[in-house]
Amino acid sequence: MAHIIDGKTSAASVTDTVAEAAAVLQREAGMQPGLAVVIVGNNPASHSYVNAKSRMAKQCGFNSMQYSLPEETTQDELEQLVAKLNADPAVHGILVQLPLPKHLNSEPVIQSILPQKDVDGLNVVNAGKVASGDLASGLVSCTPAGAMVLLRNLHGPDLSGLNAVVIGRSNLFGKPMALLLLAANATVTMAHSRTRDLAGVCRQADILVAAVGMPFMVKADWVKPGATVVDVGINRIEAPEKGEGKFRIVGDVAFDECAEVAGAITPVPGGVGPMTIAMLMANTVVAAYRSVGRPIPRF
């Protein structure tokens, strides 16, 4: 059986460091890191995510600000709120929960967030810094940053000599994940739905990262024996065993069968997911430290 990578334990280690850094900033500079989370509409999953982020921010000692806007909020109203938060020196991190209601265009909203407050790491300035290899001055997208922490804990900071395959080419995860692996000296292949012989490509991977949004797509015969498998998928599937209309969360990897082949594997839930929120907290405290020119804590 593969080693099960415990994302909850790693996330707790990061948030402990964040809370300590926040306490130091409060004690020595009289500043409390401020995280503003904006949610529009009534999507239950989005509200669940936002509540979890707000709770964690409070646990880390942040000033946690949550803005819950009605479904009928206009584009202009949302962008005005972001502009107000950009101008507020007490706000160090701004997160607009996605997806937005269909009548709203998320891209101009995300790009209007100041890069130094873009704790989701989605502004083109931050994305460009990752692409250029400048990981020290920007803010890195939380999910790939969290996945890299798990990989560093397992393999160390230098992935020289390892072949990595990322399935999925999204701006949100696939592209920045591939760039972070490349920065750590892995040899990286980015695969996707149009890749010829996808299973064969995956079998060459020492590190296989799946982020496609298809339940159980990665099978055991896709996995190189002893490989590290990172499952970023979050898929809701029906769970009649739990009762009528019930669902459960599964990943993109057929966990049970792949765990018999892999050397290490992340579960879903409990793998990469907790790291996403932990790295959001880390980005917020980094942004707060930068705002007063203090040396950045290491996570």
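Leaving aside neighbours within four places in sequence, which residues is Phe62 in contact with? Select Phe62 and look around: the contacts (heavy atoms within 4.5 Å) are Val18, Ala22, Gln32, Pro33, Leu35, Ala57, Met281, Thr284 and Val285.

Before moving on, a word on what is on your screen. This is a predicted model, in which local features need pLDDT of at least 70 and side-chain atom pairs count only at pLDDT 80 or more, while totals for chains, interfaces and linings use all residues. Residues are numbered from 1 along each chain as its sequence is written, and side-chain values use heavy atoms, with hydrogens and water left out.

**Stop 1**

Buried means under 20% relative accessible area, exposed over 50%, and partly exposed in between, with a 1.4 Å probe and protein chains only.

Helices (H or I, at least four residues) and strands (E, at least two) are DSSP runs, numbered from the N terminus. In soluble globular proteins, nonpolar side chains tend to be buried together.

**Stop 2: Thr284 in H10**

Go to Thr284, which lies in helix H10. Is Thr284 buried or exposed? Thr284 is buried, with a relative accessible area of 0%. Not counting residues up to four places away in sequence, Thr284 touches Pro33, Gly34, Leu35, Phe62, His92 and Val119.

**Stop 3: the sheet of 3 strands**

Select S2, S3 and S4. They form an open sheet in the order S3-S2-S4, with parallel pairing; two strands pair if DSSP finds at least two bridges between them. Strand S3 (63-69) and S4 are at the edges with a single partner strand each, so one side of each has no neighbour in the sheet. On average, neighbouring strands of this sheet are turned by 15 degrees against each other, direction ignored.

Zoom in on S2 and S4, which pair in the parallel sense over 4 bridges. Leu35 has Gly93 as its bridge partner in S4. Then show H2, which lies across S2, S3 and S4 and runs at about 160 degrees to S3. For such angles, axes are lines fitted to C-alpha atoms, for helices over the stretch in contact, and angles run from 0 to 180 degrees between N-to-C directions.

**Stop 4**

Val91 sits in the loop between H3 and strand S4 (93-96). Its relative accessible area is 1%, so Val91 is buried. Beyond residues up to four places away in sequence, Val91 touches Gly34, Ala36, Met65, Leu85 and Lys117.

Step back to Asn86, found in helix H3 (residues 75-87). Asn86 is buried too, with a relative accessible area of 14%. Display the polar contacts (pairs of N or O atoms within 3.5 Å; within protein, one must be able to donate a hydrogen and the other to accept it, and residues adjacent in sequence count only if both atoms are side-chain atoms). The Asn86 side chain reaches the backbone oxygen of Ser112 at 2.9 Å and the backbone nitrogen of Leu114 at 3.1 Å.

**Stop 5**

Next, select the 6 strands that form an open sheet in the order S1-S11-S8-S7-S5-S6, with parallel pairing. Its edge strands are strand S1 (3-4) and strand S6 (187-191), each pairing on one side only. Within the sheet, strand S8 (residues 228-231) and strand S11 (residues 264-265) pair in the parallel sense over 2 bridges, and Thr228 has Ala264 as its bridge partner in S11.

Finish on H6, which lies across S1, S7, S8 and S11 and runs at about 160 degrees to S8. Its buried residues are Cys142, Pro144, Ala145, Gly146, Ala147, Met148, Val149, Leu150 and Leu151. Just after H6, Gly156 takes a positive phi of about 90 degrees.
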